[in-house]
Amino acid sequence: MILHSHSSSRPLLLFLFLFLVGCVKVAGIIWVYQAVRLRPASAGRSYVGDDFPQWWDIGKPDPVRVVVDDTRHYLLDGAAADNEWAALAPGDGIIHLGEQRQPFSIAMFHQLRCLNILRQDLALSYETGEKAPESDLSRHCLNYLRQTVLCAGDVHVDPLLWDTVLGPKTDVYACRNFGAIYDAVEENQLPPRKT
């Protein structure tokens, strides 16, 4: 009688298992690529329903250096704060695309509006001394901001401590030229030219 050793089949089973895992990973990568691939440019789009590009094509603005520090602007509460925060999204950040001038927002303005909504909720809580009720809009904004921060994945190194005499350290970031984005939005928000 011949006894078969199970140990001789282990390398084959390990190989098959690793091969299967590799196939699943490749299939997953292909699926993710298909799911998130860039949609074609705006040419030929109706801008109705989901027939629109993922990105607004305004060209690629040159990067700019931005000093990040604790500003005296964009405070939590007060008329000046309300005006400054509202001015961050001119025309409520709405752009119009396509022949029918369908309304859209861009992520930058969506994020700024969400920050403003959360700021207003927090200011109301401070003003009344009571916890502001959680709204669907606030919950949406909190999760939208969380997801977009994770999506951006900024790995700029920030110090955790600062000099107690000099205050927080200012830092310089290389950023997209948001001035160019504002310029493009301003032009888009002009009334359409008669042809």
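The structure on display is a predicted model.

Next, select the buried residues of helix 5, which spans residues 178-188: they are Ile181, Ala184, Val185 and Asn188. Around the helix axis they cover an arc of only 100°, so they lie on the same side of helix 5. To see what covers them, display strand 2 (94-97) and helix 3 (107-128), which are among the covering elements.

Move to the start of helix 5 and show Asn177 together with Gly179. A side-chain oxygen of Asn177 comes to within 3.0 Å of the backbone nitrogen of Gly179.

Now go to Asn188, which also belongs to helix 5. Is Asn188 buried or exposed? Its relative accessibility is 13%, and because buried means under 20%, Asn188 counts as buried. Select its contacts, leaving aside neighbours within four places in sequence: they are Trp56, Ile95, His96, Leu97 and Arg101.

From there, step across to Leu97. With neighbours within four places in sequence again set aside, Leu97 is in contact with Tyr47, Trp56, Gln102, Phe104 and Asn188.

Select Cys114 and Cys141, which are joined by a disulfide with an S to S distance of 2.4 Å. Cys114 lies in helix 3 and Cys141 in helix 4 (residues 136-152), so the pair ties together parts that are 27 residues apart in sequence. Look along the S-S bond: the torsion about it is about -70°, so the disulfide of Cys114 and Cys141 is left-handed. Both Cys114 and Cys141 are buried. How many disulfides are counted? The count comes to 1.

Finally, select two further cysteines, Cys151 and Cys175. Cys151 is exposed, with a relative accessible area of 69%, whereas Cys175 is partly exposed, with a relative accessible area of 22%.

Terms used. Residues numbered from 1 in each chain as written. Predicted model: local features only at pLDDT ≥ 70, side-chain atom pairs only at ≥ 80, totals over all residues. Heavy atoms only, no water. Buried < 20%, exposed > 50% of the residue type's maximum accessible area, 1.4 Å probe, protein only. Helix = DSSP H or I, 4+ residues; strand = E, 2+ residues; numbered from the N terminus. Arc of directions from axis to C-beta. Contact = heavy atoms within 4.5 Å. Polar contact = N/O pair within 3.5 Å; in protein donor to acceptor, adjacent residues only side chain to side chain. Disulfide = S-S within 2.5 Å.
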